[in-house]
Amino acid sequence: MRKIFIRAVAVLALTSCSSDVLVDNKGADGTESQTPIAFSVNKRNITRADATSLEANKHYNFGVWALKTTDADSVMVMGNYLVGFSDGAGKGYDKSAATTWNSTSGADTDHMSPWFYEKLGTAEYLNEDATKGYTKTQAEFMSANANQYLRYWDLAYNNTVFYAYAPYHSQGVTFDTTTNTINVAATANTAAYNDPTLHEFIYATASVRNADMKDVKLQFKHLGAQVKINFCEDIPGYKVKIIDVTETGSGIQATPANLTAGAYTKAKYYTSCGAAINMSSVTAPTATTSHGDDATTTEDNLVFLIPEDIVPAKVSTGTQQYVWSPTIYYAVPQPSGTTTGFTFHVSYQLIAEDNGEVITVHDARVFVPADVVDWKPNTRYVYAFKITTNSTGTTDPNVNIDVTDPEVPTTSNVYPIVFDGATIEDYSNNDSSI
């Protein structure tokens, strides 16, 4: 995690028609064991400490290629299978055709889970009842395969290697069996606010010993970055509350900008990019991103919702508390050496602690430089703003707020009331007013 402090803003079942029923299912002890391959990914499936499951992050599917291997050869078992989630109450996919679905996962060998792939092929998945889960007309959530059969552990092979990604795409994501690489088109890897359902590309790989016949666990890494913002304040005698003073009620704005020789100009940043994820090393896959002609850019602002709570005061000892914007931006990686930074526009209220007087500071600005906006894969960026007495905002209620302006004032516009000396003098008895 990269935490960037910005002194700113004021210094702001087991039956199937699958051909795999013909696999060798005799164990080392001679016992017959026809065991389906099942996934219990919700036990350990994501690296972030604040999201313990795919479904908690609104990912209700993932795609997977599976190859059973020996020292001599490998055979494809699953080819971009869609593995779907159901909570049993309409979230995710209709589970009525699945024999391995259960509301919770038990032991690693029970082969039951809220995640399943059986009968999720487009020719099989016929759900039209939205109360049961995704419907067949929701093409973006449907499989690339006509049929998806229940697959079984083949004990004639040593291992099965799983190459997974999410969210599922029927197009734009392919797998190269020669190099064990998942290739991602830019159309399948796009940025998003607060809705990773169709975004926030993640990937995982696992090699499982067939003889163990245990359910498959996957731990995903992130192809993109997560961007969050928070605030503290250091203005003695005042409480601070972030507010929205834009005409559209659009929250905290961040304008993409270049800063060259002290001059700010509008800039572009990438909202999609391609990638090649080499999974030859099961324990350490590597992702290489690309920003070719199919990658998209924009000059549009980033927009973050306003925090609801009072901004915590700065502390000199102990753990600093912050107020957070509820917006999370899921960003695609930017090219190495990017020159695009962001000018943040923030307005806030100063609330006097003694008499409750309220002063509104409009459009305080601060620039976050390009070297902390590279948004590398699998990295969280937290931009921490401290509101201080030295503000680039203004208390003028008639100010024209332009949230697309990248310029940051070079001097403060909010000043304290001060006394510049005092005068005592005699008065004249001839003053007719006395």
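A residue is termed buried when its relative accessible area is under 20%, exposed when it is over 50%, and partly exposed in between, as judged with a 1.4 Å probe on protein chains only. Strands, like helices, are taken as DSSP runs numbered from the N terminus, with at least two residues (E) for a strand and at least four (H or I) for a helix. By these criteria, strand β22 (residues 341-352) is mostly covered, since 11 of its 12 residues are buried. The structure is a predicted model, in which local features need a pLDDT of at least 70 and side-chain atom pairs count only at pLDDT 80 or more, whereas totals for chains, interfaces and linings use all residues. Residues are numbered from 1 along each chain as its sequence is written, and side-chain values use heavy atoms, with hydrogens and water left out.

The protein chain contains 0 helices and 24 strands. Of its 434 residues, 50% are buried. The chain exposes about 20,300 Å², of which carbon and sulfur atoms supply 49%; these accessible areas come from the Shrake-Rupley method with a 1.4 Å probe, and for residues only the protein chains shown count as cover.

Two strands are regarded as paired if DSSP finds at least two bridges between them. On this basis, β22 runs antiparallel to strand β12 (residues 238-243), to which it is joined by 6 bridges, and Ile242 stands opposite Tyr348 of β22. Strand β23 (residues 358-368) pairs with β22 in the antiparallel sense over 9 bridges, with Phe344 placed opposite Val366 of β23. The hairpin formed by β22 and β23 has 5 residues between the strands, and Gly356 in the turn has a positive phi of about 75°.

Strand β13 (residues 252-260) also pairs with β22, in the antiparallel sense and over 5 bridges. Here Ala257 has Gly341 of β22 as its bridge partner, while Gln253 is partnered by His345 in β22. Because 7 of its 9 residues are buried, β13 is largely enclosed by the rest of the structure. The hairpin of β13 and β14 has 2 residues between the strands, and Ala261 takes a positive phi near 55°.

An open sheet of 6 strands has the order β4-β3-β2-β5-β9-β10, with antiparallel pairing. Its edge strands are β4 and β10, each of which pairs on one side only. At the β10 end, β9 and β10 run antiparallel and are joined by 2 bridges, and the bridge partner of Tyr203 is Lys221 in β10.

With a salt bridge defined as a side-chain nitrogen of Lys or Arg within 4 Å of a carboxyl oxygen of Asp or Glu, the count comes to 7 salt bridges. One of these joins Asp154 to Lys68, with the closest N and O atoms 2.8 Å apart. Asp154 lies in the loop between β4 (115-116) and β5 (159-166) and Lys68 in strand β2 (residues 61-69), so the pair ties together parts that are 86 residues apart in sequence. Asp154 counts as buried at 6% relative accessibility, and Lys68 is likewise buried, with a relative accessible area of 10%.

Asp108 forms a salt bridge with Lys217, the closest N and O atoms of which lie 3.4 Å apart. This pair links distant parts of the chain, 109 residues apart, with Asp108 in the loop between β3 (74-85) and β4 and Lys217 in the loop between β9 (202-209) and β10 (221-222). Both partners count as partly exposed, Asp108 at 25% relative accessibility and Lys217 at 28%. In the salt bridge of Asp374 with Lys376, the closest N and O atoms are 2.3 Å apart; Asp374 is buried at 12% relative accessible area, whereas Lys376 is partly exposed at 44%. Asp363, Arg365 and Asp405 are linked in a network of salt bridges.
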